[in-house]
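I opened a new page for this chain. These are my notes, in the order in which I looked things up.

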Amino acid sequence: MTPHAGRTRRFLIYEAGSGGEPRLIDRLELPKDHTLHHWGNAPGHPIYAYDVVIAASMGPNFVARMERHGVEAVATSVTDPEEAVRRYFRGTLPTLPPEQQIHGHS
């Protein structure tokens, strides 16, 4: 699970299989200039085509941006991606509030 959703370049794409079990269907690898942090508010980012983004942390601006594009953004303490997706589909994923991001950090 990425610690900073807006700066990640690698996404695992899951869908619900039979019985709600997650099934890995694709991987999305983005160039540096396509991270959501660098993309800004422009339309058409590839992640906007999905329903949900799950990560270890995200700021309130990231959550708001995802909502504007119809994507649910969820931060969680679950560290295993497949377990996080499984628990999301079951409605048992523990969630964390968006974190305040300090600009200029590395």
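Before the pairing, a term: I call two strands paired if DSSP finds at least two bridges between them. With that settled, I looked up Leu 12 and found that its bridge partner in S2 is Arg 27. I keep in mind throughout that the model is a predicted one.

Entry 1, the hairpin. S1 covers residues 10-16 and S2 covers residues 22-29, and they run antiparallel to each other over 7 bridges. I also checked Ala 16, whose bridge partner in S2 is Pro 22. Between S1 and S2 I found 5 residues, which makes the pair a hairpin. In the turn, Gly 19 has a positive phi of about 75°.

I listed 3 helices and 4 strands. Taken in sequence order, they give the pattern β-β-α-β-α-β-α. The radius of gyration is 13 Å, close to the 13 Å of the globule rule for 106 residues, so I put the chain down as being as compact as a globular protein of that length. I noted the span of the C-alpha trace along its principal axes as about 40 × 25 × 25 Å. Of the 106 residues, 31% count as buried. I then turned to contacts with a separation of 6 or more, and 42% of these join residues 24 or more positions apart.

In soluble globular proteins, nonpolar side chains tend to be buried together. I looked for such a group here, and the largest nonpolar core has 17 residues. Among those with the most contacts inside this core are Phe 11, Leu 36, Ile 47 and Val 53. At least two residues of the core come from each of S1, strand S3 (52-55), helix H2 (60-68) and strand S4 (72-75). H2 gives the largest share, 3 residues. Setting aside neighbours within four places in sequence, I found Ile 47 in contact with Phe 11, Leu 28, Leu 36, Val 53, Met 66 and Val 71.

Is Asn 61 buried or exposed? I placed Asn 61 in helix H2. Its relative accessible area is 60%, and the cut-off for exposed is over 50%, so I wrote Asn 61 down as exposed.

I found Arg 65 buried, yet without a salt bridge. Which side chain of opposite charge is nearest to Arg 65? I looked, and Glu 67 is the one, 12 Å away. Leaving out neighbours within four places in sequence, the contacts of Arg 65 are Leu 36, His 37, Gly 40, Asn 41 and Tyr 48.

I went through residues 81-90 and marked Ala 84, Val 85 and Arg 86 as buried. What do the buried residues of H3 pack against? I traced them to S1, S2 and S3. Just after H3, I noted Gly 91, which takes a positive phi of about 80°.

Conventions. Residues are numbered from 1 along each chain as its sequence is written. This is a predicted model: local features need pLDDT of at least 70, side-chain atom pairs count only at pLDDT 80 or more; totals for chains, interfaces and linings use all residues. Side-chain values use heavy atoms; hydrogens and water are left out. A nonpolar core is a set of buried Ala, Val, Leu, Ile, Met, Phe, Trp, Tyr and Cys residues joined through side-chain atoms within 4.5 Å. Buried means under 20% relative accessible area, exposed over 50%, partly exposed in between (1.4 Å probe, protein chains only). Contact means heavy atoms within 4.5 Å. Lys and Arg count as positive and Asp and Glu as negative; His and the chain ends are not counted. A salt bridge is a side-chain nitrogen of Lys or Arg within 4 Å of a carboxyl oxygen of Asp or Glu. The radius of gyration is taken over C-alpha atoms; the globule rule is 2.2 Å times the number of residues to the power 0.38.
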